[in-house]
Amino acid sequence: MLGGTLVLGCSGGGGGNDDDSATAALTEGPGTATDATTTTPTTSDGTGVDPTEGEPADCEGPLDPGPAPLRRLTHTQYNNTVRDLFPGVTLPLQTIAVDPKVNGFENNADVQTPSALLIEQYQRAALAVTEAAWATPEAFLPCAADGGGEPQQCGHTFILDFGARAFRRPLTADEEAAFLGFFDQQLAETNFSVALQLTTQALLQSPAFLYFLEFGGEPVEGGEAVALTGHELATRLSYFLWDSMPDAQLFAAAAAGDLDTVEGLAAEAMRMLDDSKARGALVNFHRQWFDFDGVELINPDPATYPNYSPDLRAAMRAELDRFVESTLFEGPGTFASLLTSTETDVDATLAALYGVEAPPPGEWAPALLDPAQRSGILTRAGFLARTAHAVHPSPVKRGVFVLARLLCVPPAPPPANVNTNPPDEGEPGQPKTNRERYAKHTAQADCASCHTTIDGVGFGFEHYDALGRWRDLDNGEPVDASGELIGTDVDGAFDGAIELSQKLATSTQAHNCVVSQVYRYALGRGTTAADLCSLGDLRAQFAASSGDVRALLLAVVTSDAFRTRKEAP
């Protein structure tokens, strides 16, 4: 191909589902944090690294930036990038396979394995994008659609500009010769439009477009790292903060050397965080971290929840995006506020579920939720429904999620050959409430070691049914939502998800876990022992900012780990 070769458990709850499959879906063994589809686990404990590595011996001098595996555009980044490559043009969203998730994230380089299907999808996407773009060529061509009086000159001008933006750096002399020569050959055999479309398709299938190729520049004094070039830093920065390619101002900053200093990099990062694209990118990070997409898969039992509708499901999903964006950009902007805020947006269907005043049909409006019933994202209907079965809520799913995603201490999977059949409802002598049914976990020796911790968290959500509605009674019995945190820095009893959220909002371990999750996402890889010093420094800065999320993003982009890469052997 032109421009380079393209290489690309124990007894669970109702609905007949096995809850411990949820545990296995988030964990693949002690000390790992992955999803079921992940083939390469990422080690994680309360510090975010393999606990067997211990504490770093020395953090003086240049920090070890850790590994820098070859990363590829995610499906979201691909669609955002082609959108920005053709401003003013309406492009259809392209289907690009989602790679296996690690810690919920879709950008982990360790599992970005190319396949024949993926290569075919990139080829089809390149064809579809260019076909749609050339429906309105006047939006981006520097000349008439037929090339005008100097079709070769116009084609060369477009290719050099488009290629530099697509590759996120100026083309090399060899690349210029290859792509311009290919265009000239096609122009001689066909016409201007066909020749330019074919060349554009070749650019969009090049590894330089699909992958983040980082070679680095000058060695860092006293270490084994090399500083990333200005264009490599611009690319890291834009795909972390915008989920898309650099804009003209960021390209100019890279070319001028402004990104070579911490001050220059921070200035560009602050500018970018004030751009609307940062909102979408930060929401997308939380979409993956909190698995917002899982809301779209819920299927509540219609006999138990006759008021459920696809419109309600869509509203649950949309509320999560709105909540994250408003809390981080209009609200306090802290991790604690994500766990404690009672402010949200509702439409008519959500207003009925929450018991607040409804806006007119088809509209959204701000709402204050009852602070005795709702506190932050863990008490929003979308999260609660996503961690439930068709009939009953799931303390296991809810507990595992909090432990794995918010405390970075994912439980081990259930032992083999354990009976996972839940007790039947309605049988004489069987438990009446959801909590009583799940209490069977701790009555079995094989299950108690893990489920004492898991269910201790998950039982705190018993006031919410499988649709996320508040309830005081469960099957006619008073709800018991008492729980206990075990093995954390905020251990102890709590009553209900509001007290749990408040505990997590003050937890150093939870704040440290946030740093680990952002760090993994920013670098597109898992954490290793080499990251201990970097993580320690970032955690100190996050604590000093009182958990300000934007401050954490700035700390990450100005860190040695973000600005450098390990020198090639």
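Strand β8 spans residues 482-485, and its side chains alternate. Gly483 and Leu485 point to one face and are buried. Buried means under 20% relative accessible area, exposed means over 50%, and partly exposed lies in between (1.4 Å probe, protein chains only). Helices (H or I, at least four residues) and strands (E, at least two) are DSSP runs, numbered from the N terminus.

β8 runs antiparallel to strand β9 (residues 492-495), and four bridges join them. Two strands pair if DSSP finds at least two bridges between them. Glu484 has Ala493 of β9 as its bridge partner. Six residues lie between the strands of this hairpin, and Gly487 takes a positive phi near 75° there.

The model is predicted: local features need pLDDT of at least 70, side-chain atom pairs count only at pLDDT 80 or more, and totals for chains, interfaces and linings use all residues. Residues are numbered from 1 along each chain as its sequence is written, and side-chain values use heavy atoms, with hydrogens and water left out.

**The chain and its cores**

The chain holds 24 helices and ten strands. Of its 569 residues, 54% are buried. In soluble globular proteins, nonpolar side chains tend to be buried together. A nonpolar core here is a set of buried Ala, Val, Leu, Ile, Met, Phe, Trp, Tyr and Cys residues joined through side-chain atoms within 4.5 Å. The largest has 94 residues. Phe240, Met316, Leu378 and Phe461 have the most contacts inside it. Leaving aside neighbours within four places in sequence, Phe240 is in contact (heavy atoms within 4.5 Å) with residues including Ala281, Val518, Tyr521 and Phe562. Another core, of 42 residues, lies apart from the largest one. Tyr78, Ala132, Cys154 and Phe162 are among its members.

Arg386 sits in helix α15 (residues 381-386). Is Arg386 buried or exposed? Arg386 counts as buried, because its relative accessibility is 18%. Not counting residues up to four places away in sequence, Arg386 touches Phe290, Asp291, Gly294, Val295, Ile298 and Phe401.

Asp291, one of those contacts, lies in the loop between α11 (276-289) and α12 (310-330). Asp291 is buried, because its relative accessible area is 19%. Arg168 lies in the loop between α4 (151-167) and α5 (173-189). Arg168 counts as buried, because its relative accessibility is 2%. Asp291 and Arg168 each have a positive phi in a residue other than glycine.

| Residue | Phi |
|---|---|
| Arg168 | near 65° |
| Asp291 | near 55° |
| Gly487 | near 75° |

**The surface**

The chain exposes about 22,500 Å², and carbon and sulfur atoms supply 52% of it. Accessible areas come from the Shrake-Rupley method with a 1.4 Å probe; for residues, only the protein chains shown count as cover.

Leu93 lies in the loop between α2 (75-85) and α3 (116-133). Leu93 is exposed, because its relative accessible area is 75%. Leu93 and Tyr78 are 15 residues apart in sequence and 9.3 Å apart in space, C-alpha to C-alpha.

Phe215 lies in the loop between β2 (211-212) and β3 (225-227). Phe215 is exposed, because its relative accessible area is 66%.
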